[in-house]
Amino acid sequence: MYLRCSDERCAMKLELHQRALMCPRCGELLEVAAGTLMFSPQVLKELWWNRRCSRDPRDRSGVWRFREFLPDYPPRDIVTLGEGNVPLVPGIKSGAWAGLSDIRFQHLGWNPTACFKDLGMTVGITEARFQGARTVACASTGNTAGSMAAYAARAGIAARVYLPAGAVSPNKVAQALDYGAEIIEVKGSFDRALETLRHQAGPDLYFLNSINPFRLEGQKTVMFELLEELGWRSPDYVVVPGGNLGNTAAFGKALYELKTAGLIAKVPRLVVVQAEGANPLVRTWRAGSDELLVVNEPRTAATAIRIGAPVSWKKALKALRFTGGLAIDVTDDEIAEAKSVIGRDGIGCEPASATTLAAARKLVRGGTIPRDASVVAILTGHVLKDTDYITRSRYTAAPSEVEAAAVRSSAEVQAD
Ligand SMILES: *Cc1c(COP(=O)(O)O)cnc(C)c1O
Ligand SMILES: [Zn+2]
């Protein structure tokens, strides 16, 4: 395996284990290029399935179980918290609400730090430690911070996170603090926080935003796990929220590699969903533009996807084109309603995740997705990630108050 420039016209090759995150020749993002596979599709499918019964920590991880498609590390260098292997849960009320007979949720919020970022972070931190990094850093809308802090703590590496001041759920800040991260608040949006971090980069600092190609390798396994769960038959649509677009890029790469290796016959269409006030990819997609149409002041109550200049937009467009997918936006009110419906299914998620159900309904109503299509919605974060949002929502009833009943002693009860 090696690193390669993600721009096909450049395609510069670099050695795998190194600090460069951008192509030194053209400045584009890098990606991990797969080596040659030594196994047939059938052998791989059986190998991966059988690993579910193994006691090896790598086999128990829903990421490292698929390590034939990941960078190779000595077994004891791998930093894992047993991430992945989340269930696929059918939506019942959600299906009725969206007008779909077959919608399932792949709930990545049911991971060690309650967010999908763990799947990428197990690989990112493993690589950081492999390279001997002392400090890892990221800019974050909250969840990357928590995930990086947890995995860094496991690896014995210091963690430093840059957050947009006042724009991150307090639950997420608390989580990163608990794992012992150093937190730096930056005035302005996530994009400003990321810019600020980029100016801090030094030889001791290992950069773990989704610009990092190793993180995307881990996130790829979401598609592996999903397709394995479905007996390697693709659903018609996979719907995913889009912020910095690392997930979208990783899913596209996964589907390309699985199709090329002959593990699946057809790929699902990828649908990327953004909030109307933070929709740079949707604008770019609609305009058919070759330049990113940046949103200068992104606005949405779904703070995890409040991003105006996503770094992986080119990779995301490539994923949409390859899978025959599309990009769509939904309003904050549609997100709030969809979130409450997912809650009523006994599942729950954070606001950004609920964009998926809101978009599914919109696409069914508009006639793009047929009612009998099979749809998998990717829920990216846990319901407890943003509790303020829930208590403020107009789709949840406020708790009611009653006078407490008088408590009587057992002696009084007997005297009656
Ligand atoms: C990070 C995050 C997203 C956005 O993912 P990208 O890979 O940046 O597009 C969506 N939802 C939640 C809950 C997140 O934490
Ligand atoms: Zn290049």
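The site of the zinc ion (ligand 2) in this predicted model is tetrahedral, with angles of 97 to 116° among its 4 donor atoms. Four donors count as tetrahedral if all angles lie between 85 and 135 degrees. The ideal angle for four tetrahedral donors is 109.5 degrees. The protein donors are Cys5 (SG), Cys10 (SG), Cys23 (SG) and Cys26 (SG), lying 2.3 Å from the zinc ion. Donors are N, O and S atoms within 2.8 Å of the metal (3.2 Å for Na, K and Ca); water is not among the atoms, so sites may look incomplete. Along the chain the donors follow the spacing C-x4-C-x12-C-x2-C. Cys23 is buried, with a relative accessible area of 3%. Cys26 is partly exposed, at 38%. Here buried means under 20% relative accessible area, exposed over 50%, and partly exposed in between (1.4 Å probe, protein chains only).

Residues are numbered from 1 along each chain as its sequence is written, while chains are lettered from A and ligands numbered from 1 in the order in which they are written. Local features need pLDDT of at least 70, side-chain atom pairs count only at pLDDT 80 or more, and totals for chains, interfaces and linings use all residues; side-chain values use heavy atoms, with hydrogens and water left out.

Ligand 1 has 16 residues around it. Of these, Lys117, Asn143, Gly243, Leu245 and Thr380 come nearest. A residue is near a molecule if one of its heavy atoms lies within 4 Å of it. Oxygen atoms of ligand 1 lie 2.7 Å from a polar side-chain atom of Asn143, 2.7 Å from a polar backbone atom of Gly243 and 3.2 Å from a polar backbone atom of Gly246. The protein buries 97% of the 380 Å² that ligand 1 exposes when taken alone. These areas come from the Shrake-Rupley method with a 1.4 Å probe.

Lys117 also belongs to helix α4 (residues 117–130). Helices (H or I, at least four residues) and strands (E, at least two) are DSSP runs, numbered from the N terminus. Helix α4 has 14 residues and reaches 20 Å from its first C-alpha to its last. That is close to the 20 Å expected at 1.5 Å a residue; the expected span is 1.5 Å times one less than the number of residues. The helix is mostly covered, with 12 of its 14 residues buried. Among them are Lys117, Asp118, Glu127 and Ala128.

Lys220 lies in helix α8. This lysine is buried, with a relative accessible area of 1%. Its side chain is joined to that of Glu257 by a polar contact of 2.7 Å. A polar contact is a pair of N or O atoms within 3.5 Å; within protein, one must be able to donate a hydrogen and the other to accept it, and residues adjacent in sequence count only if both atoms are side-chain atoms.

Most residues other than glycine have a negative phi. Ala11 has a positive value, near 50°. Ala11 lies in the loop between β1 (2–5) and β2 (13–14) and is partly exposed, at 32%. Phi of Trp232 is also positive, near 65°. Trp232 is found in the loop between α8 (213–229) and β10 (237–241). At 11% relative accessibility, Trp232 counts as buried.

Arg344 is placed in helix α12 (residues 332–344). This arginine is partly exposed, with a relative accessible area of 47%. Arg344 and Glu412 are 68 residues apart in sequence and 42 Å apart in space, C-alpha to C-alpha.

Methods:
Four donors count as tetrahedral if all angles lie between 85 and 135 degrees; four count as square planar and six as octahedral if opposite donors are over 155 degrees apart and all others between 65 and 115; anything else is irregular.
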